[in-house]
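Here is a walk through one structure, taken part by part.

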Amino acid sequence: MDQLKTTELQSSKPQLIDRFGRHITYVRLSVTDRCDFRCVYCMAEDMTFVPREQLLTLEEMERVGRAFVQLGVHKIRLTGGEPLTRRGVLQLIQGLGSLEGLRDFTVTTNGSQLPRFAVDLKAAGITRLNISLDTLRADRFRQLTRTGHIEQTLAGIEAALAQGFKRIKLNAVILKNRNHDEVLDLVAFARERHIDISFIEEMPLGEIGDHDRAEAYYSSDEILRDLRTRYDLQAVNDQTGGPSRYYKTLDHDSRVGFISPHSHNFCGDCNRVRVTAEGRLLLCLGQEHSVDLRRVLRAHPLSDEPLIATLKEAMQIKPQGHEFQLAEKPILFRHMNATGG
Ligand code: SAM
Ligand code: SF4
């Protein structure tokens, strides 16, 4: 018994440390690159997805998650693509949700499948949800997602609220002249529901063919300026283990976050890595450095030791930071849905 406790304690100590002394304790697992939406900043209208046989199986994803937790990772976020559209995803969530040492288990979703999944997600151990919502107007929602219906996502938000998750956060990508005039309304929507909201600067991932990203750039500072016309927002030191910087008003519990890859680089305290649906470990959102975990998983179906060794070695190639430049062609061919946002 004592020995088991010692092993557990050892395994929860961070063991993934990169060349810059950063401890990796947070992993984003992309469950699929497919999605029921085609958001204009994320995908091109016509997308080619990864053939199904090249995807990690759900069992392989669970092995990856387990290995990371053994190495001291205590936060896993499932993302995609739309994670809740992958068949059998609940089985994966239940498996990961029962891992000792996993303290924070979250999903990022467009909300469309939440009416049918919210109850099971809560039961399986999901602690927090991020739900993407860029606009409150049905016509704009259709334009920005190309295929989505706002009623579905709004129903998903209400279904999640009814389950009483520890925290729900909305994510809104703000584009100039598309939805920048809605930031006050979006904050009001979040505050009415006592949930958080983060505003995200668009990142230049993949050719999207919809708009010029430099022209559509609307900075976090501009958003904050707009919000301060109504709300007395003060910076707070809340850390959720992600890249958001948070603000609050004294009279309310809803937080307003900013994810600002252009205007406030967050690489210095990066604590995370990503795994694509094909099992490629991405060491940085904005760089190509990666390691093929699928090959290791399939070469060693019965032992996780080689996988664990590969994860440790990979820390040596985690780059110092991203180099996003809006005015230039995307530096990466990967779209956000393939990266796992
Ligand atoms: N489908 C889910 C969703 O939309 O929440 C999860 C995957 S999506 C890629 C994760 C997050 O990335 C979403 O909040 C989305 O708005 C954001 N995102 C997608 N493309 C982006 C881009 N080019 N720049 C910044 N954020 C982006
Ligand atoms: Fe799908 Fe999310 Fe990308 Fe929109 S942002 S296309 S919902 S993966």
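Rings of Phe, Tyr and Trp count as a pair if their centres lie within 6.5 Å. In this predicted model, ring pairs join Phe199, Tyr247 and Phe258 into a cluster. The structure holds three aromatic pairs. One of them is formed by Phe199 and Phe258, a tilted pair with 6.1 Å from centre to centre and 35° between the planes. Phe199 belongs to strand 6 and Phe258 to strand 9, and 59 residues separate them, so the pair links distant parts of the chain.

Tyr247 and Phe258 also pair, here edge-to-face, at 5.5 Å centre to centre with 85° between the planes. Because Tyr247 lies in strand 8 and Phe258 in strand 9, this pair ties together parts that are eleven residues apart in sequence.

Charges sit over two other rings. The charged end of Lys75 is over the ring of Tyr26, 4.3 Å from its centre. Arg255 lies over the face of Tyr246, 4.3 Å from the ring centre.

Turning to the ligands, 19 residues surround ligand 1. Nitrogen atoms of ligand 1 lie 2.9 Å from a backbone N or O atom of Tyr41 and 2.7 Å from one of Met203. The protein buries 96% of the 540 Å² that ligand 1 exposes when taken alone. The shell around ligand 1 divides into six nonpolar, nine polar and four charged residues. Around ligand 2, the shell has five nonpolar, two polar and one charged residues, including Cys35, Cys39 and Cys42.

Note on methods
Residues numbered from 1 in each chain as written. Chains lettered and ligands numbered in written order. Predicted model: local features only at pLDDT ≥ 70, side-chain atom pairs only at ≥ 80, totals over all residues. Heavy atoms only, no water. Near = heavy atom within 4 Å. Nonpolar A, V, L, I, M, F, W, Y, C, P; charged D, E, K, R; others polar. Polar contact = N/O pair within 3.5 Å; in protein donor to acceptor, adjacent residues only side chain to side chain. Areas by Shrake-Rupley, 256 points an atom, 1.4 Å probe, with all protein chains shown as cover. Phe/Tyr/Trp six-rings, centres within 6.5 Å; stacked < 30°, edge-to-face > 60°. Helix = DSSP H or I, 4+ residues; strand = E, 2+ residues; numbered from the N terminus. Lys NZ or Arg CZ within 6 Å of the ring centre and 35° of its normal.
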